[in-house]
Amino acid sequence: MPSLPLDDENLPLFTVGQVSAMLEILQAFLRRLDEHRVVQPSRSSGGQRRYTRREITLVQYVVELVNDGMTLTGIRRVLELEARISRLEAEREALLAAVAERDRLLARLNVPSPADRDGSPGRPSRQN
């Protein structure tokens, strides 16, 4: 069965008016979020803002941060740092998987891994 457009959380379907009504916030607030580069929805061919479900969730989070007293500049920085942390965590997981795969291949060759030699993953042992 084909998926419905509503199933795609990244599909820009919702207008400023719809998001404003859903979240009970002013349309002007949504425009400010875009102007301050906090939440930047895509635009329709006519230039109207269109929000995805993911962006709506992000706007809800931003509203919470504003209610906690944060500025839009501060919120933008928090969002940037959270995205960076996510990228670094994904990179770390990929590196850990690569080290595990290397160790698995070395074990198949019956060669001790660097971790087995000095206790640290992936680092050659130092000779004093």
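## Exercises on a predicted single-chain model

Residues 24 or more positions apart account for 46% of the contacts (heavy atoms within 4.5 Å) in the chain with a separation of 6 or more. The model is predicted, so local features need pLDDT of at least 70 and side-chain atom pairs count only at pLDDT 80 or more, while totals for chains, interfaces and linings use all residues. Residues are numbered from 1 along each chain as its sequence is written, and side-chain values use heavy atoms, with hydrogens and water left out.

### Exercise 1. Chain overview

Task: state which pattern the chain follows, what share of its residues is buried and what its accessible surface comes to.

Solution.
Step 1. The chain has 5 helices and 2 strands; these are DSSP runs (helices H or I, at least four residues; strands E, at least two), numbered from the N terminus.
Step 2. Along the sequence they give the pattern α-α-β-β-α-α-α.
Step 3. Of 128 residues, 23% count as buried. Buried means under 20% relative accessible area, exposed over 50%, and partly exposed in between (1.4 Å probe, protein chains only).
Step 4. The accessible surface is about 9,400 Å², and 53% of that belongs to carbon and sulfur atoms. The areas come from the Shrake-Rupley method with a 1.4 Å probe; for residues, only the protein chains shown count as cover.

### Exercise 2. Helix H1 and its buried side

Task: find which residues of H1 are buried and what covers them.

Solution.
Step 1. H1 spans residues 16–23, and Val16, Val19, Ser20 and Leu23 are buried in this helix.
Step 2. These residues lie on the same side of H1, because they cover an arc of only 100° around the axis. The arc is that of the directions from the helix axis to the C-beta atoms.
Step 3. An α-helix has 3.6 residues a turn, so residues three or four places apart point the same way.
Step 4. The cover over the buried residues of H1 includes H2, strand E2 (49–50) and H3.
Step 5. Val19, in H1, counts as buried because its relative accessibility is 0%. Setting aside residues up to four places away in sequence, Val19 touches Phe14, Leu30, Tyr51 and Ile56. The C-alpha atoms of Val19 and Glu55 are 9.8 Å apart, although the two residues are 36 apart in sequence.

### Exercise 3. The packing of H2 and H3

Task: work out how H2 and H3 are oriented and which residues make the contact.

Solution.
Step 1. Helix H2 (residues 27–35) packs against helix H3 (residues 53–67) at an angle of about 95°, and their axes are 12 Å apart. Axes are lines fitted to C-alpha atoms, for helices over the stretch in contact, and angles run from 0 to 180 degrees between N-to-C directions.
Step 2. H2 is therefore roughly perpendicular to H3 (65 to 115 degrees; under 35 is roughly parallel, over 145 roughly antiparallel and the rest oblique).
Step 3. H2 contributes Phe29, Leu30 and Leu33, and H3 contributes Val59, Val62, Val63 and Val66.
Step 4. The contact divides into 7 nonpolar, no polar and no charged residues. Ala, Val, Leu, Ile, Met, Phe, Trp, Tyr, Cys and Pro count as nonpolar, Asp, Glu, Lys and Arg as charged, and the others, Gly among them, as polar.

### Exercise 4. Loop residues

Task: is Thr52 buried or exposed, and is Glu24 buried or exposed?

Solution.
Step 1. Thr52 sits in the loop between E2 and H3 and is buried, at 7% relative accessibility. Beyond its neighbours within four places in sequence, Thr52 is in contact with Glu9, Asn10, Leu11, Pro12 and Phe14.
Step 2. Glu24, in the loop between H1 and H2, is exposed, with a relative accessible area of 73%. Its phi is near 55°, a positive value in a residue other than glycine.
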